Amino acid sequence: MFYHVKDLQYHAKPDRPDPVYAKKLQEVLGGQFGEISVMLQYLFQGWNVRGNGKYKDLLMDIGTEEIAHVEMLATMIARLLDNAPDVELEDAVKDPVVAAVLGGMNPQHVIVSGLGSMPADSVGNRWTADYIIASGNLLADFRANLNAESQGRLQVCRLYEMTNDRGVKDMLSWLIARDTAHQNQWYAAIRELEEKENIVVPSTFPRELEKQQVAYTLFNFSQGDASAEGRWAHGPSMDGCGTFNYVDRPVAFAPAPHLPPAPPYIFDTPAWAMRKSDDLPDPDTK
């Protein structure tokens, strides 16, 4: 059950309208790493936990807080859109000042949302559930959450530098601090699960069923050998179950594949047309 408290979690009031910045702020509301994404990611992860306990509670705590962050950003965007030019778009070409404002702002903030926020990013792409991860494996999910908070905090910090509005900066400062908290909390949960399960996900797949001879190998598939100098190339593996090794000149483990022609009713390119030339037919194409 959810209960809406009408007060905002924190202030969301700019010093002045700025429809151009409202467009930019849409990114951390409805973008891939925006608040809508983390809100639904954490909530679905929490709803899908089979059983109760501290991990489910953590997910529900942070997921519910993210609803408040969505509300704060939606409110800030609406207030930044206050006093936007009340003109027909066709009239913009007649007034260079209006044209400049409308050219920088998102016209859909006027046409579609009526000076309100939208579930979309800064260039108008609609939010999609493809952005969220809820796998049922908590270690995998908590790592995805740490990444989401890292990317989200990075974007909010960049937006902080794009405005001189004290009210906007004040709200963003709050969000940056909460992202700091959440990164630390997800990392703490990750470390705890790693101590219980080890670091490889999933931890329950039988090791004897994987090709263990290549489980800790770094193949050099790029020019040069600088990657050989890293911790990932030598010494005990991070999971403590193997030893890192480095292969400078990788070789193929299987021959080149040869696929038979498709049946005629598939209408693929005929085999005779795939010969290298009439004089030197491809020996692999009969």
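Modeller: Let's start with a word we'll need: two residues are in contact when they have heavy atoms within 4.5 Å of each other. Keep in mind that this is a predicted model, where local features need pLDDT of at least 70 and side-chain atom pairs count only at pLDDT 80 or more, while totals for chains, interfaces and linings use all residues. Residues are numbered from 1 along each chain as its sequence is written, and side-chain values use heavy atoms, with hydrogens and water left out.

Colleague: Okay, which residues is Leu25 in contact with, leaving aside its neighbours within four places in sequence?

Modeller: Those are Leu73, Met76, Ile77, Leu80, Leu159 and Leu172.

Colleague: What makes the largest nonpolar core a "nonpolar core"?

Modeller: The name goes to a set of buried Ala, Val, Leu, Ile, Met, Phe, Trp, Tyr and Cys residues joined through side-chain atoms within 4.5 Å. Here 27 residues make up the largest one, and Leu25, Met171 and Leu172 have the most contacts inside it. Helices α1, α2, α3, α4, α7 and α8 each supply at least two of its residues, with α4 giving the most, seven. A helix here is a DSSP run of H or I with at least four residues, and a strand is a run of E with at least two, numbered from the N terminus. As a general point, nonpolar side chains in soluble globular proteins tend to be buried together.

Colleague: Why is Asp57 called partly exposed?

Modeller: Its relative accessible area is 46%. Buried means under 20% and exposed over 50%, with partly exposed in between (1.4 Å probe, protein chains only). So 46% puts Asp57 in the middle class. You'll find Asp57 in helix α4.

Colleague: And how do you know which class Ser222 belongs to?

Modeller: By the same cut-offs: Ser222 comes out at 48%, so it is partly exposed too. Ser222 sits in the loop between strands β1 and β2. An unreviewed UniProt entry includes both Asp57 and Ser222 in its "binding site" annotation, though such annotations may be inferred rather than shown by experiment.
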